[in-house]
Amino acid sequence: MLRIAIPNKGTLSGPAAEMLREAGYRQRADSRDLVCRDDANDVEFFYLRPRDIAVYVGSGDLDLGITGRDLLVDAGSPAEEALDLDFGGATFRFAARAEAVSSVEQIAGQRIATAYPGVVERHLADRGIKAEVIRLDGAVENAVRLGVADVVADVVSTGATLRQAGLTIIGEPILRSSAVLIRRLDAPANAQADQLLRRLQGVLVARRYVMLAYNVPTELLVRATALTPGIDSPTVSSLHREGWVAVQAMVLRDEVHRIMDELYDLGARAILVTDIHACRL
């Protein structure tokens, strides 16, 4: 039975469970449950602290896990990213008082407060910068004001919280994180794991694309299909109406309205959009 770790709470928990449901897997009905068996798919899900998931997967106690890229890096566990799941985005940045530190190079020799010491230490090591990293489990934005540190490294969204603490963002992002499916570095081939990976890839495609169908005069087909090339190629069928064809193609959800407008201006009609609930490419 395939054993998979899922975040038991936090911002990744709900979206991870929903994505697995979309992929055809059973999930717990009660948020207090710590284990959920899906006998139909021969899978067992374990609901764990997000910070612990990379450790369990890296040790080989669990086969796969869903966690944040930041937590994977921070754990330093022998696990690797198998698939970016495209939710739970976060950006890590340095921040300090502008008059004290204004560039990444000036961080050398400073005290850096963070809840993610592994992420920061790896970033500094990659750039040959030596500094003291101080782990804090709570909010770190007040660490400079309290004299605990000279610099903080934390998740930044708008930067408003840092500005309220009198801090300014320094340099480029330390790490851009999102939810990822992870596995052990030396994990042997596993048919069930490969199936889960394909299913999740199918969910990602279904979320990003829609199916676009339309009718167009035959003489405009080449120009129309240039707008809707599809994944491999559009499907073209003859219509009972002479001189017209029906076309179906997958297009990016974010671009569908622009494409519909251009098709209509070109001369296409009966332009319809439908959601894709599942797919295998």
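Modeller: A charge sits over a ring if NZ of Lys or CZ of Arg is within 6 Å of the ring centre and within 35 degrees of the ring normal. This is a predicted model, where local features need pLDDT of at least 70 and side-chain atom pairs count only at pLDDT 80 or more, while totals for chains, interfaces and linings use all residues. Residues are numbered from 1 along each chain, and side-chain values use heavy atoms, without hydrogens or water.

Biologist: Which ring does the charged end of arginine 51 sit over?

Modeller: Take the charged end of arginine 51. At 4.9 Å from the ring centre, the ring under it belongs to tyrosine 116.

Biologist: How far is the charged end of arginine 269 from the centre of the ring it sits over?

Modeller: The ring is that of tyrosine 264. From its centre to the charged end of arginine 269 is 3.8 Å.

Biologist: How many aromatic pairs does a search of the whole structure find?

Modeller: Rings of Phe, Tyr and Trp (its six-membered ring) pair if their centres lie within 6.5 Å; planes under 30 degrees apart are stacked, over 60 edge-to-face, the rest tilted. By that rule, the number of aromatic pairs found is two.

Biologist: Is phenylalanine 45 buried or exposed?

Modeller: Buried means under 20% relative accessible area, exposed over 50%, partly exposed in between (1.4 Å probe, protein chains only). Tyrosine 25 has 4% and is buried. Phenylalanine 45 has 0%, so it is buried.

Biologist: What is the angle between the planes of phenylalanine 92 and tyrosine 116?

Modeller: Both residues are buried. Their pair is edge-to-face, 4.9 Å centre to centre, with planes at 75 degrees.

Biologist: Where does phenylalanine 92 lie?

Modeller: Tyrosine 116 is in the loop between strand S7 (111-114) and helix H4 (117-126). Its partner, phenylalanine 92, lies in strand S6 (residues 90-96).

Biologist: How many residues does domain 2 give to the contact with domain 1?

Modeller: An automatic or database assignment sets the bounds: domain 1 (2-87 + 178-206), domain 2 (90-176) and domain 3 (209-275). The C-alpha centres of domain 1 and domain 2 lie 30 Å apart. In their contact (heavy atoms within 4.5 Å), domain 1 gives seven residues and domain 2 gives ten.

Notes: Helices (H or I, at least four residues) and strands (E, at least two) are DSSP runs, numbered from the N terminus.
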